[in-house]
Amino acid sequence: MSVIKISDLRYAFGHGETQQTVLHGITADFTQGEITIIAGPSGSGKTTLLKLVAGLRTIQEGSIEIDGQRIETAKQRELVAVRRNIGFIFQSHHLISSLSVVQNVMMPLTFDSKMTPGKARQRALDILGEVDLSDHVHKRPEQLSGGQKQRVAIARALVHQPAIILADEPTASLDGPTGREIVSHLQRLSKEFGNTIVMVTHDNRILDVADRLVTLVDGKLSDHAPTLGEDF
Ligand code: ADP
Ligand code: MG
């Protein structure tokens with residue numbers, strides 16, 4: 001079943017002479033329960049594409065449908081509902097430095113009116129346990145290593161149990177084994193719970209978790225099976 005459907009999506013930064021077209025007509029379908037990895041050179045528009053899917057950038061041309069809901073014509077409350085179903089793991093972690101680890105992870109749940117503070121806290125503690133941070137829940141982000149911070153960000157992206165997970169180079173700041181744990185966790189979510197995952201990565205060591213590998217080059221997306229070791 002297609003969960004994300006992208007049709008002839010185009011996107012440009014700037015205006016007039018300085019306008020730079022980044023996406024030149026992307027058409028793609030992402031299937032429920034699959035991990036798709038998007039590879040491609042730096043600057044090819046991978047982050048821009050993920051942000052458009054997440055509703056963090058406004059669609060200029062073309063269309064995106066998520067669970068049958070057209071994004072570009074959606075009303076505000078429809079967009080809010082779609083976003084609630086998406087977890088976004090950013091390239092850099094964007095943690096709030098004045099909050100503790102567990103408070104950071106609880107953030108997405110504060111928008112859920114059915115969630116009591118006690119329940120939210122328990123849910124945050126559970127997911128922090130899954131990413132092996134139970135001993136660090138009361139620390140501030142600055143007291144953690146880069147890898148630990150990224151794991152907090154991942155816990156925060158997953159705490160509201162989104163059906164769709166968009167991950168922008170989630171292992172970029174991690175060492176090999178830690179990166180592997182993170183993607184194994186994502187793989188388990190897709191296989192056990194049917195989460196749909198679209199992940200951008202430069203990291204050749206994790207390409208094997210992909211059910212499908214696509215590349216973004218010259219503003220176009222194509223199915224591609226790079227040989228291991230090929231450099232993006
Ligand atoms: P990638 O994630 O593949 O490295 P990006 O989507 O970040 O690529 O960027 C694609 C292109 O768009 C790059 O040339 C980049 O310089 C440009 N770009 C990205 N964000 C902005 C922005 N906010 N304003 C202007 N240009 C941008
Ligand atoms: Mg990027």
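Visitor: Before we look around, what makes two rings a pair?
Guide: Rings of Phe, Tyr and Trp pair if their centres lie within 6.5 Å. Keep in mind that this is a predicted model.

Visitor: Okay, so how many aromatic pairs does the structure hold?
Guide: There are 2 aromatic pairs here. In one of them, Tyr11 and Phe13 have ring centres 5.2 Å apart and planes at 75 degrees, so that pair is edge-to-face.

Visitor: Why does 75 degrees make Tyr11 and Phe13 edge-to-face?
Guide: Because planes over 60 degrees apart count as edge-to-face, and the planes of these two rings are at 75 degrees.

Visitor: Is Tyr11 buried or exposed?
Guide: Tyr11 is buried, with a relative accessible area of 8%. Phe13 is partly exposed, at 29%.

Visitor: Let's switch to the ligand. Which residues surround ligand 1?
Guide: Phe13 from that ring pair is one of them. The shell also includes Gln20, Val22 and Pro41, then the run Ser42, Gly43, Ser44, Gly45, Lys46, Thr47 and Thr48, plus Arg57.

Visitor: Which helix or strand gives the most to that shell?
Guide: Helix H1 does, with 3 residues. H1 covers 46–53, and strand S2, covering 20–31, also supplies at least two residues.

Visitor: And how do the shell residues divide into nonpolar, polar and charged?
Guide: You get 3 nonpolar, 7 polar and 2 charged residues around ligand 1.

Visitor: How far is Gly43 from an oxygen atom of the ligand?
Guide: A backbone N or O atom of Gly43 lies 2.7 Å from a ligand oxygen. For Gly45, a polar backbone atom is 3.0 Å from an oxygen atom of ligand 1. Thr48 uses its side chain instead: an N or O atom there is 2.5 Å from an oxygen atom of the ligand.

Visitor: How much of ligand 1 does the protein bury?
Guide: Taken alone, ligand 1 exposes 560 Å², and the protein buries 60% of that.

Visitor: New topic: where is Pro162?
Guide: Look in the loop between helix H5 (146–158) and strand S7 (164–168). Pro162 counts as buried, at 1% relative accessibility.

Visitor: What does Pro162 touch?
Guide: Leaving out residues up to four places away in sequence, Pro162 touches Arg84, Asn85, Ile86, Gly87, Ala157 and Asn195.

Visitor: And how far apart are Pro162 and Ser92?
Guide: They are 70 residues apart in sequence, and their C-alpha atoms are 20 Å apart in space.

Visitor: I'd like to hear about backbone angles too. What is phi of Asp67 near?
Guide: It's near 50 degrees, which is a positive value in a residue other than glycine. Asp67 sits in the loop between strand S4 (61–66) and strand S5 (69–70), and Asp67 is partly exposed at 44% relative accessible area.

Visitor: What about phi of Glu169?
Guide: That phi is near 45 degrees, again a positive value in a residue that isn't glycine. You'll find Glu169 in the loop between S7 and helix H6 (176–193).

Visitor: Does Glu169 count as buried or exposed?
Guide: Buried, with 12% relative accessibility.

Visitor: Which residues is His185 in contact with?
Guide: Apart from neighbours within four places in sequence, His185 is in contact with Glu130 and Leu158.

Note on methods:
Residues numbered from 1 in each chain as written. Chains lettered and ligands numbered in written order. Predicted model: local features only at pLDDT ≥ 70, side-chain atom pairs only at ≥ 80, totals over all residues. Heavy atoms only, no water. Phe/Tyr/Trp six-rings, centres within 6.5 Å; stacked < 30°, edge-to-face > 60°. Buried < 20%, exposed > 50% of the residue type's maximum accessible area, 1.4 Å probe, protein only. Helix = DSSP H or I, 4+ residues; strand = E, 2+ residues; numbered from the N terminus. Contact = heavy atoms within 4.5 Å. Near = heavy atom within 4 Å. Polar contact = N/O pair within 3.5 Å; in protein donor to acceptor, adjacent residues only side chain to side chain. Areas by Shrake-Rupley, 256 points an atom, 1.4 Å probe, with all protein chains shown as cover. Nonpolar A, V, L, I, M, F, W, Y, C, P; charged D, E, K, R; others polar.
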